Amino acid sequence: MTLYVSGISALGPGLPGWAGSRAVLAGERPWREAFQPRPSASMLPPNEQRRSSKTVRWAIEVAQEVLQQAKADAHEVASVFASSDGETDVLDRLCRELAMPQRTISPTLFHHSVHNAASGYWGIATGSQQSSTVLACYDSSFCAAMLEAAAYTQTEERPVLLVAYDLPSPPPLDAARPLQGGFAAALLLTRTPAPNNLVQLDLALSNDLSEGATCMDDPRLEALRNGNPAARSLPLLAAIARQCGTLVRLEYLEDLRLLIQVIPCRSSGTPSSAE
Amino acid sequence: MTQGLVDDHTKKEGTRCIDDHFTNQAVDDVLYGTRGSRNPNPLDRLVVARAMAPLILTCYTLVSALGKGLNETYQALRNRRSGLRPCDFEDVRITAYIGRVDDVENMSFGGGSAPTQLEQFDCRNNRLALLGLQQDGFIQAAIAARERYGAHRVAVLVGSSTSGILETEHAYCHRDPAYGTLPPPYLTSQRYTHNMFSAAHFVRAYLGLRGPAMVISTACSSSAKAFATAARFIKAGFCDAAVVGGVDSLCLTILYGFSSLQLMSRNPCRPCDEDRDGLTLGESAGFALLEQSEHADQPGAVALSGYGESCDGYHMSHPHPEGTGAIKAMRAALLRSGLTSADIDYIHLHGTATRANDSIEDAAVHSVFGPSTPCSSTKGWTGHTLGAAGVTGAVIAALSLTRKFVPGTVNTTRLDSSLNSHVLLENREQPVHRVLSNSFGFGGNNCSLIFGAV
């Protein structure tokens with residue numbers, strides 16, 4: 001199955017959006033992991049910026065960068081949001097309040113606790129009424145989102161914004177699921193080529209487990225990849241940043257692989273390998 | 001994968017074909033059908049959907065407050081026996097009714113191919129999932145599909161909104177008094193219980209399936225959207241069959257949460273009633289095995305013939321006041337099924353019994369279907385089972401098709417006179433060929449499904 005990428009973003013330690021991350025992921029510039037992003041998600045109305053969770057702001061930040069970069073109209077774009085652990089800050093606050101004798105929880109906190117909070121805020125910020133699917137697949141959440149987005153853009157013939165995001169849980173929840181980062185990534189995927197495509201992706205699902213997942217060369221980035229479900233996207237992001245033909249293998253659960261052949265596009269949007 | 005849109009399934013008499021180059025006029029014909037007097041909204045073209053080949057529900061089942069399996073569910077619907085009872089969940093002191101499934105607290109968990117590994121999934125949500133799998137020969141049907149297609153060719157797509165959150169709620173009550181840490185057994189089991197992927201992980205492990213899997217979590221539309229994703233995955237060639245389902249179980253978060261939003265009735269909910277005053281929460285687990293019709297060995301069964309998805313883009317917990325998102329979902333489902341609004345015999349409403357939902361859904365249904373298509377809400381029987389509401393609607397739609405009846409609306413005595421759709425209060429015995437079922441969720445996430453008798 002063939003898809004095209006027309007927008008991309010990454011947010012994480014030392015990765016301040018695509019403009020500042022491309023050269024790092026391409027290996028052209030050193031990774032300064034001490035930098036911690038504090039995304040404002042500026043497209044959210046000020047009230048919503050204030051009320052939304054940090055998780056939501058990370059997701060919206062990468063989504064808005066991709067839409068702006070691709071000059072795409074959010075009203076025409078469907079979305080797939082993927083997060084393994086979702087709104088852990090909100091869950092922590094809810095569970096603390098529910099452990100008190102009076103069990104009074106704030107209505108705002110409750111409706112912010114849903115796994116699709118970021119998707120809901122995306123809808124509020126853009127007014128888009130296109131389909132939005134929100135999914136979870138533990139460490140394979142990004143991979144599951146690639147499948148859903150690919151299937152969506154193929155069958156529904158509509159661009160899909162894929163957003164994967166996971167932030168470390170607050171204590172004491174972090175002991176149950178220690179995550180590294182904060183990481184968020186977004187891709188705008190289309191079924192047909194366009195002049196602004198960055199790469200072509202050829203996807204195939206395989207149950208041949210003879211080769212493992214593609215790793216990051218830098219051991220610290222590899223630790224981030226291993227330590228955050230959204231950062232499992234890093235090998236694909238790096239291949240797109242390098243703009244050279246690469247086969248990326250993503251682990252999909254313990255018994256499947258998603259194979260993604262990354263084929264760079266020239267400025268015309270035509271894959272160079274087509275010549 | 002097949003890019004052709006017109007196939008034998010959509011060429012049946014009485015349905016319309018949609019081809020690769022359909023015109024806006026053709027779209028309008030499909031959208032507005034024989035009732036074409038309404039003014040088409042140009043925005044509808046944003047949600048133009050492609051016709052799909054029907055997918056057979058080779059096997060399906062449901063566990064809810066109505067009982068375990070299809071027969072108990074049907075008997076309760078037929079005899080108008082509501083499953084709602086005064087709230088007796090744990091030590092919850094809220095004046096409300098709930099749709100609790102009996103015996104979940106006491107059931108033993110395990111069995112299957114590798115009991116020791118499966119025990120780590122033990123939590124109320126996965127117990128409910130297991131109870132669901134155990135009904136109506138579902139396990140056997142899934143194993144037959146596994147053997148027919150290969151384990152890696154059968155997907156597991158499950159909707160849930162809160163997964164096993166009850167485990168975390170309990171763990172927070174047992175934090176270490178000195179350090180605030182969570183109990184060690186919780187820490188090791190959290191991945192298998194509360195993590196959002198847990199229900200699909202459990203079902204996949206229990207059935208020995210190795211195909212693509214995920215949990216879809218879009219609040220109350222979750223398990224309806226699982227059907228849409230299954231249809232896409234089969235069409236894209238990612239799998240040959242899919243175990244589609246939904247599981248959501250009672251927990252403190254939803255009981256106290258909906259209470260805080262003042263959306264819960266103190267009485268059994270009364271959908272579409274003049275005096276309706278909120279929803280009643282329930283729990284359920286439902287599953288369907290979806291296969292392409294040329295591979296399914298049970299012709300004459302129920303098929304998924306359309307789906308439509310949309311968002312409101314309006315508010316986190318209040319539906320769009322004009323129901324434009326709901327309208328788009330219903331129209332997209334019609335378009336994808338190649339049917340017109342006149343082809344639908346019954347609409348299973350989301351019908352939560354909140355003031356806002358029922359009024360807005362009524363207006364949306366009326367704008368797509370007009371005043372005569374029978375519709376009803378079954379929430380007075382099961383309660384609102386949130387992420388499992390979509391599959392609950394799907395199974396009730398299947399019962400309506402196969403048992404030739406339309407459920408009415410229980411608990412409701414005085415129909416809200418401001419509603420314009422044809423809301424049924426009493427059950428009806430009649431042939432039913434096609435049913436549309438609505439699911440709308442927090443975050444303004446909507447999904448409509450159409451089921452038909454093959």
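How many bridges join strand β7 (residues 199–206) of chain A to strand β9 (residues 256–264) of chain A? Eight bridges join these antiparallel strands.

## Basis of the report

This is a predicted model, in which local features need pLDDT of at least 70, side-chain atom pairs count only at pLDDT 80 or more, and totals for chains, interfaces and linings use all residues. Residues are numbered from 1 along each chain as its sequence is written, while chains are lettered from A and ligands numbered from 1 in the order in which they are written.

## Chain A overall

Chain A contains nine helices and nine strands; helices (H or I, at least four residues) and strands (E, at least two) are DSSP runs, numbered from the N terminus. Of its 275 residues, 59% are buried, that is, have 20 or more other C-beta atoms, placed from the backbone, within 10 Å of their own. The C-alpha trace spans about 70 × 40 × 35 Å along its principal axes.

## Strands around β9(A)

Strands pair if DSSP finds at least two bridges between them. Three residues lie between β8(A) and β9(A) in their hairpin, where A:Leu253 adopts a positive phi near 55°.

## Helix α7 of chain B

In helix α7 (residues 184–193) of chain B, the buried residues are B:Tyr186, B:Ser189, B:Gln190, B:Tyr192 and B:Thr193. Viewed down the axis of α7(B), these buried residues fall within an arc of 165° (taken from the directions from the helix axis to the C-beta atoms), so they line one face of the helix. B:Pro184 and B:Thr188, on the other side, are exposed (12 or fewer such C-beta atoms).
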